[in-house]
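Colleague: I am new to this structure and would like to learn how to read it. Could you take me through some features, one at a time?

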Amino acid sequence: MTTCKAGGCLTQTNGFSSYCERHKRTKARHGHPNQTGVKKYDLKPYLKEIESYLKTVSAANARDIMDNIWSRTVANAQAHIDGTKCGASFNVHELQASKAVVSLSKEADSRTIGMTLMAMGFWYEDDQRRWQYDEGFRFQTVRMLLRLNPREAAYKWSLNGLTRTVYREIPPRTIRALWSIIEETKLVLYGMEISRRKARALAASRQKAGVERDAILGPEQGGGGA
């Protein structure tokens with residue numbers, strides 16, 4: 001019997017899979033056997049970063065452009081759906097992805113969608129130790145976006161007064177098809193660039209502060225008094 005190839009796991013593999021049952025399910029859900037899921041509150045600080053950037057640095061028409069980007073995305077998805085109704089051949093997972101995009105557009109506004117995607121990009125660039133696996137990041141980005149759509153919630157249940165929402169499981173191939181649609185918007189890439197620009201600005205500020213400190217204090221004196 002072979003053991004699971006996920007690092008550190010000594011459990012036997014399941015069927016023809018290279019992973020044990022637990023890591024096989026994790027890979028299907030999160031994109032990588034060692035990727036952990038993320039919550040909405042994990043994204044909040046990065047949403048604040050994007051909001052601040054849009055208010056202070058971006059051009060006045062930035063939000064309109066975000067609207068146009070998502071409107072084109074939805075239009076393409078709807079055209080794909082309409083084409084399949086007219087007899088065009090289609091891939092079932094790509095069709096599911098298009099339907100998910102159209103459904104999301106009815107439940108969340110383009111500004112929220114755009115900021116969520118840019119915030120995920122900012123997070124990826126800002127905390128790369130958290131995102132060691134690119135496929136894991138892609139899956140989590142798709143899942144985070146789908147959570148904006150209450151139609152994706154399977155049911156809610158309460159425990160000790162706390163209510164939790166359980167979301168539908170999306171087939172991995174559909175998640176990959178959704179990522180391809182998301183990637184074309186370039187909104188995730190814009191979020192990454194915002195993070196890089198902030199890092200460069202912070203480094204420049206620290207360098208300037210260092211120059212000013214050295215000019216005022218002069219070289220540090222060695223030795224002690226007599």
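Modeller: Gladly! Let's begin with burial: a residue counts as buried under 20% relative accessible area, as exposed over 50%, and as partly exposed in between, using a 1.4 Å probe and protein chains only. Serine 103, at 17%, is therefore buried. Before we go on, a word on the source: this is a predicted model, where local features need pLDDT of at least 70, side-chain atom pairs count only at pLDDT 80 or more, and totals for chains, interfaces and linings use all residues. Residues are numbered from 1 along each chain as its sequence is written, and side-chain values use heavy atoms, with hydrogens and water left out.

Colleague: Where is serine 103, and what does it touch?

Modeller: Serine 103 sits in helix H4. Helices (H or I, at least four residues) and strands (E, at least two) are DSSP runs, numbered from the N terminus. Contact means heavy atoms within 4.5 Å. Leaving out residues up to four places away in sequence, serine 103 touches Asn149 and Arg151.

Colleague: How many helices and strands does the protein chain have?

Modeller: There are 8 helices and 2 strands, and along the sequence they follow the pattern α-α-α-α-α-α-β-β-α-α.

Colleague: How do I read a pair of packed helices?

Modeller: Two packed helices are described by the angle between their axes and the distance between the axes. The axes are lines fitted to C-alpha atoms, for helices over the stretch in contact, and angles run from 0 to 180 degrees between N-to-C directions. Angles under 35 degrees count as roughly parallel, over 145 as roughly antiparallel, 65 to 115 as roughly perpendicular and the rest as oblique.

Colleague: At what angle do H2 and H5 pack?

Modeller: Helix H2 (residues 40–56) and helix H5 (residues 110–126) pack at about 110°, their axes 8 Å apart, so they are roughly perpendicular to each other. Among the residues that meet are Leu43, Tyr46 and Ile50 in H2 and Met115, Phe122 and Trp123 in H5. The contact residues divide into 11 nonpolar, 1 polar and 5 charged. In this count Ala, Val, Leu, Ile, Met, Phe, Trp, Tyr, Cys and Pro are nonpolar, Asp, Glu, Lys and Arg charged, and the others, Gly among them, polar.

Colleague: And at what angle do H4 and H7 cross?

Modeller: The axes of H4 (residues 92–107) and H7 (residues 172–185) come within 8 Å and cross at roughly 60°, so these helices are oblique to each other. Their contact includes His93 and Ala97 of H4 and Ala177 and Ile181 of H7. It divides into 6 nonpolar, 4 polar and 2 charged residues.

Colleague: What should I know about phi?

Modeller: Most residues other than glycine have a negative phi. Lysine 186 has a positive phi of about 70° although it is not a glycine. This lysine 186 lies in the loop between H7 and H8 and, at 43% relative accessibility, counts as partly exposed.
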